[in-house]
Amino acid sequence: QIELDKTAIDFKKLHAERQDLVLQFEQAIEAMKRRDEAIRETGEALINKRQDVTELRRLLEEKKAFLKEQEDENEAVERQTMDAERVVQKYRAVLQQEIQSKQDLQDELEVVRSTLSKVASELQMKRTQVTNAKDALEAKKMRLEEARRRQADTQKRLGNEYLA
């Protein structure tokens, strides 16, 4: 009976050990399932992150391309602006020349006007002098005619007196 009790105790121990082992095995399986699930979730997260990285790289490439386009466009606009500024500078220079030319012409016009005014005054004075000279000449012609007529009268009288 002792032997049987001993065997029963041994059996219970072995059964308890086996139950422990089964429990440990089940816990290990459960831990493996959790780890498998964690690995699966981590794998999915890794795939998602890789997709995110790929999408971010694609966006980065798009942004780089857009930036390059904008820089090229900015360079073109800057060149156009510089060309336009050069044209504006040329037109400003031409405008300044035209303004100076206009001023020079206005100054010359003033000189010509004052010269014309002076010449007109001198012409009027000369006309007055000519008119006065004509009047004086006419008066002298009249006096000369009068003197010739008197001379002719005197010569006739003298000729008549001499002949008489």
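Modeller: Here is a quick chat about its salt bridges. It's a predicted model, where local features need pLDDT of at least 70, side-chain atom pairs count only at pLDDT 80 or more, and totals for chains, interfaces and linings use all residues. Residues are numbered from 1 along each chain as its sequence is written, and side-chain values use heavy atoms, with hydrogens and water left out.

Biologist: How many salt bridges are there?

Modeller: The count is 11, taking a salt bridge as a side-chain nitrogen of Lys or Arg within 4 Å of a carboxyl oxygen of Asp or Glu.

Biologist: How far apart are the closest N and O atoms of Glu62 and Arg58?

Modeller: They are 2.1 Å apart. The two residues sit four apart in helix α1 (residues 2–163), so about one helical turn separates them; helices here are DSSP runs of H or I, at least four residues, numbered from the N terminus.

Biologist: Which residue does Glu61 pair with?

Modeller: Lys64, with the closest N and O atoms 3.9 Å apart. They are three residues apart in helix α1, about one helical turn.

Biologist: Switching topic, what about Glu110 and Arg113?

Modeller: Their side chains form a salt bridge at 3.5 Å, N to O. Both lie in helix α1, three residues apart.

Biologist: Which residues do shared partners join into one network?

Modeller: Glu146, Arg149, Arg150 and Asp153.
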